[in-house]
Amino acid sequence: MRRIILRIENKNELRLSSARVSKKQLLSFIQENKVWILEQHKNIKAAFLEDTSFYYLNKAYKIKHHNESLCLDTETVYLNPLRAKQHSDMFYRKCAKAYLPDRVDFWTKKMGLEYNRLSFRLAKKRWGSCNTKRNISLNPYMMKLSYEMIDYIIVHELSHLRHMNHSKVFYECVQNYIPDYINIEKEIKALSLKLN
Ligand SMILES: [Zn+2]
């Protein structure tokens, strides 16, 4: 049999090719070796995952694999590569629910405000939102950021209870409570790029 090349592309795509094998032969090779190929794909995906890092409270943790649910020690996060996304989403959600409600209450009291409902929604880009019904929504992924950044996001959303826009007075309200908000906003933007 002629040589068939298995190559990795775009970090997690497998590409099979061979110079002198027909498409038909290649397809039957794939059929016959399906289990093995899928196994290789899994390994490759897992290997690349170990290269990236896991963020929690503005600290990057090394990723190591194990077959159980996610756990964290001082430098490393252990997670199951096949459930990585699911388990880390659960982790951020759990941390968000444990930490954020008290923090939101702390700031609403300090700012003399009241809100209606607080909910959590995992999102790729948006850290939080606030609507005219005075409902606040926060993104659990903000647990990847520092305490300071988290406070800024909370104060930002709560300030929308006063001003439903990003006007000058809105930012004056934010600045009353987070004097250094411009720099914090920049840090969040810079970190967001790394996280995506
Ligand atoms: Zn806003």
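An open sheet of four strands runs in the order 3-4-6-5, with mixed pairing. Strand 3 and strand 5 (71–72) stand at the edges with a single partner strand each, so one side of each has no neighbour in the sheet. This is a predicted model: local features need pLDDT of at least 70, side-chain atom pairs count only at pLDDT 80 or more, and totals for chains, interfaces and linings use all residues. Residues are numbered from 1 along each chain as its sequence is written.

Some terms come first. Helices (H or I, at least four residues) and strands (E, at least two) are DSSP runs, numbered from the N terminus. Two strands pair if DSSP finds at least two bridges between them. Strands of a sheet pair through backbone hydrogen bonds, either parallel or antiparallel.

Strand 3 (residues 53–56) pairs with strand 4 (residues 59–65) in the antiparallel sense, over four bridges. Serine 53 has lysine 62 of strand 4 as its bridge partner. Tyrosine 55 stands opposite alanine 60 in strand 4. Strand 4 and strand 6 (residues 76–79) run parallel, joined by four bridges. There, isoleucine 63 stands opposite valine 77 of strand 6.

## The hairpin turn

Strand 3 and strand 4 form a hairpin with two residues between them. Most residues other than glycine have a negative phi. Leucine 57 has a positive phi near 50 degrees. Asparagine 58 also has a positive phi, of about 65 degrees, although it is not a glycine.

Leucine 57 counts as partly exposed because it has 13 C-beta neighbours inside 10 Å. Asparagine 58 is partly exposed, with 15 other C-beta atoms within 10 Å.

Three strands form an open sheet in the order 7-9-8, and the pairing is mixed. Its edge strands are strand 7 (117–120) and strand 8 (128–130), each pairing on one side only. Strand 7 and strand 9 (residues 135–138) pair in the parallel sense over four bridges. Phenylalanine 120 has leucine 138 in strand 9 as its bridge partner.

Helix 3 (residues 84–111) packs on this sheet, touching strand 7 and strand 9. Its direction makes about 155 degrees with that of strand 7. Axes are lines fitted to C-alpha atoms, for helices over the stretch in contact, and angles run from 0 to 180 degrees between N-to-C directions.

The largest nonpolar core has 20 residues. Such a core is a set of buried Ala, Val, Leu, Ile, Met, Phe, Trp, Tyr and Cys residues joined through C-beta atoms within 7 Å. Strand 9, helix 4 (147–159), helix 5 (168–177) and helix 6 (181–195) each supply at least two of its residues. Helix 4 gives the largest share, seven residues.

How do helix 4 and helix 6 pack, and at what angle? They pack at about 110 degrees, with axes 10 Å apart. That makes helix 4 roughly perpendicular (65 to 115 degrees) to helix 6. Two residues are in contact if their C-beta atoms, placed from the backbone, lie within 7 Å. Leaving aside neighbours within four places in sequence, methionine 149 is in contact with Ile184, Glu187 and Ile188.

How values were computed
Buried ≥ 20, exposed ≤ 12 C-beta atoms within 10 Å, placed from the backbone. Parallel < 35°, antiparallel > 145°, perpendicular 65-115°, else oblique.
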